[in-house]
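Please examine the protein chain shown below.

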Amino acid sequence: MSIIQRSGNTESEVAQTALKTMATVLDSCPDAEVKESDLTLLLSLIQSDLEETGRQDAPFSLLRSILTRKLLVPEVYDTMDRVAEMMVTNQSSKTQGFCRDLYHIFVTDYPQGKARMKANMEFLARNLSYAHESGRKSVMEMLNRVLESFKQDLVAQYANLYFLALVMVLANDESSKCREMGANLLSTLFERMDSEQRTSTMTIAQTWSNEGAKPQLRRVSIQLFGLFLPILGQDGKTYLKELLKSLMTVLQSVASAFQARQSDEDVEVAELTGDTKEKLDEEWQLAHQGLSTLAKVAKLFPDTLTDFNRISWTTVFSLMSYPHTWVRIAATRLQGALFAAVPVAEPKPDLSPDHPLSLASMVEQVKLLCNQLRSENVDAPFGLQIVKNLFYIGRCFYLHDGTKQAGATFEIEDDLDMEEVEEGEEWEGVGNSDVENANDNPKESFSTTKPREGTPLGWMFSYLSRGANIAMHERQAAREPKSNWTERPASIVRWFAAMVSQMDASSIEKYLPHMVAALHRIVSATKLRDDSQYGELKTLTLELQQLLQEKVGGTKYSYLYSEAQEAAGLAKVERKEKETEKASEQRYQSRFDVKNKRDFRYIRLSEIPLLLPNAVTKEN
């Protein structure tokens, strides 16, 4: 103390060492006493050093020792007010960490009056909306410590205060990290609530879920259900009926709005306006949160998935084509959860077309899943989920092939999306040097069958084979290919492999031409040999070829593969002839247009006899 008093400040190295020694003495010697005047001097001196990066360690160590010893002087409270402010406003994560440690000791162990404790708790709640993200994150880390360490009665006293503050974070915070932390804190808070407070909180969430005019509030309420139901466990069954009703209302409203926009010719213009864009942002978030909460409900109560009266699977499936990737992923995962809950079986003929396990519905689901593979945002996990869902449907169709119904006429409407892609496969702007293969139009593939013929599984093999051909065509024609271009053909190859592993040899032979056509198209794309992604795709394809040879025999497979090569060669010759004929017509038309432009001039009616001697005039 003598050294510190003589120094007058804590800037010198000697003074810093003295502060550290003082902290060590207070920690190590319980009998050591500090005069109130000396403690007041120490606290007044170190306040100026708290924010000085080079001199922080000694003041923080001394302050921790003072708090641990519970030394009482008014300046301690003033100093801790400053520490609390630094915990929020300081931009150094290290300094914020020091402050959180000290503040936690202060609010949990240090003597606090009722008014001061209320002020401390309100300070934390108020700063959950602090302007800078780093400050909000620091406050939430501190709040997490408080909720975990406070006694039950103290948590209950401030539960409503923090519930509303954290809901505002969940609804309005621009930072995804802060929203995630806020959600975790709400879960922690709900766990610490007593049964009466939990009931009250769930009632509030139910009330918000019925706010149709406030989609943001509905989204938050749905998210709250998703957070709280796992904590309630089986006790949450009380709220299940109303929750499912609210979820379906939300998802159906989003699906209806999406379908209305699809039929609106001016949708692109509307999306450019600020108000519409904001509404679309709210819409996809509402849809994603609704699907995510429904998945949590299904995990907690598996029987819900097969409660077809409460869950509209037609609505869920319609969101598999929603523009936002997160919504599509959530809907596809929910579809996978349904398939996991229902054993593989042939589609029953007596089911309505809207039933998710009916033949008609499964056909539409195949189209939706395949269309998702065309997205630029499909990554490996999402692609694997799509393959799993297609595999389930494929096994159901395989069982259908062995029934009496398989011989019935199988009719299906043409897929407009697939037809649009195929019709667009013209070779405009692509020369012969740009494309290696001849069999570039999937419609000319020897394996393509009419979509209205055969069995559902035959149609599915044909449909996916065309999808693989189109994907390879798009890659070869593209000058700047998509970064994930292999996901579509690779997923289709994986589905082929999965189905082959489940089928007997005679069944495989029926659909082998479809697979061989796609595999030949991939393996023979030598123009792409410098593409690293193509190398992985080709390796996967060769592995499937080996599996097929083991299943059906090398002779049978080689025969069909040679047929594919021959068909590709014939298609190449035919395509070149068409291209030559088209180029000749274009050159002729070009010369004709130039000649007409040069000779063209306006002619009066009276001049016609002079230009055309044999022209019919008014007189003759």
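Q: How many helices and how many strands does the secondary structure of the protein comprise?
A: The model is predicted, and its secondary structure is assigned as runs of helix or strand. The count comes to 26 helices and zero strands.

Q: What percentage of the contacts in the protein with a separation of 6 or more is due to residues 24 or more positions apart?
A: The protein has 620 residues, of which buried residues make up 47%. Among contacts with a separation of 6 or more, the share from residues 24 or more positions apart is 74%.

Q: What span does helix α4 reach from its first C-alpha to its last?
A: Helix α4 covers residues 57–69, which is 13 residues. At 1.5 Å a residue, the expected value is 18 Å. The span in the model is close to that, at 19 Å.

Q: Which helices do the buried residues of α4 pack against?
A: The buried residues of α4 are A58, P59, F60, L62, L63, S65, I66 and L67. Contact here requires heavy atoms within 4.5 Å. The packing partners of these buried residues are α2 (13–28), α3 (36–46), α5 (74–89) and α6 (93–109).

Q: Why does S65 count as buried, and which residues does S65 touch beyond four places away in sequence?
A: S65 lies in helix α4. Buried means under 20% relative accessible area, and S65 counts as buried because its relative accessibility is 0%. Leaving aside residues up to four places away in sequence, S65 touches A23, L26 and D27.

Q: Which helices do the buried residues of α5 pack against?
A: Helix α5 has 16 residues and reaches 24 Å, close to the 22 Å expected at 1.5 Å a residue. Its buried residues are V76, Y77, T79, M80, V83, A84, M86, M87 and V88. They pack against α3, α4, α6, α7 (114–126) and α8.

Q: What distance separates the C-alpha atoms of V378 and R488?
A: V378 is placed in the loop between α18 (359–372) and α19 (380–401), and it counts as buried at 3% relative accessibility. Not counting residues up to four places away in sequence, V378 touches Q372, L373, G383, N484 and E487. V378 and R488 are 110 residues apart along the chain, yet their C-alpha atoms are separated by 8.5 Å.

Q: Are R261 and E283, which meet in a salt bridge, buried or exposed?
A: The side chains of R261 and E283 meet at 2.7 Å, N to O. The pair links helix α13 (residues 240–262), which holds R261, with helix α15 (residues 274–300), which holds E283, over 22 residues. Both R261 and E283 are buried.

Q: How many salt bridges does the structure hold?
A: One of them joins R310 and D307 at 3.4 Å, N to O. R64, D101 and R145 are linked in a network of salt bridges. For the structure the number of salt bridges is 11.

Q: Which helix gives the most to the lining of the largest pocket?
A: The largest pocket has a volume of about 770 Å³. Of its 24 lining residues, the closest to the centre are R179, R219, Q223, Q285 and Q289. Helices α9, α10, α12 (215–232) and α15 each supply at least two residues of the lining. With nine residues, the helix that gives the most is α15.

Q: How many charged residues are in the lining of the largest pocket?
A: By class, the lining has six nonpolar and nine polar residues. The number of charged residues in the lining is nine.

Terms used
Residues numbered from 1 in each chain as written. Predicted model: local features only at pLDDT ≥ 70, side-chain atom pairs only at ≥ 80, totals over all residues. Heavy atoms only, no water. Helix = DSSP H or I, 4+ residues; strand = E, 2+ residues; numbered from the N terminus. Expected span 1.5 Å × (residues − 1). Buried < 20%, exposed > 50% of the residue type's maximum accessible area, 1.4 Å probe, protein only. Salt bridge = Lys/Arg side-chain N within 4 Å of Asp/Glu carboxyl O. 1 Å grid on protein atoms, 1.4 Å probe; cavity = no way out; pocket = protein on both sides within 12 Å on 5 of 7 lines; lining within 4 Å. Points joined across faces, edges and corners; volume = space filled by probe spheres on them. Nonpolar A, V, L, I, M, F, W, Y, C, P; charged D, E, K, R; others polar.
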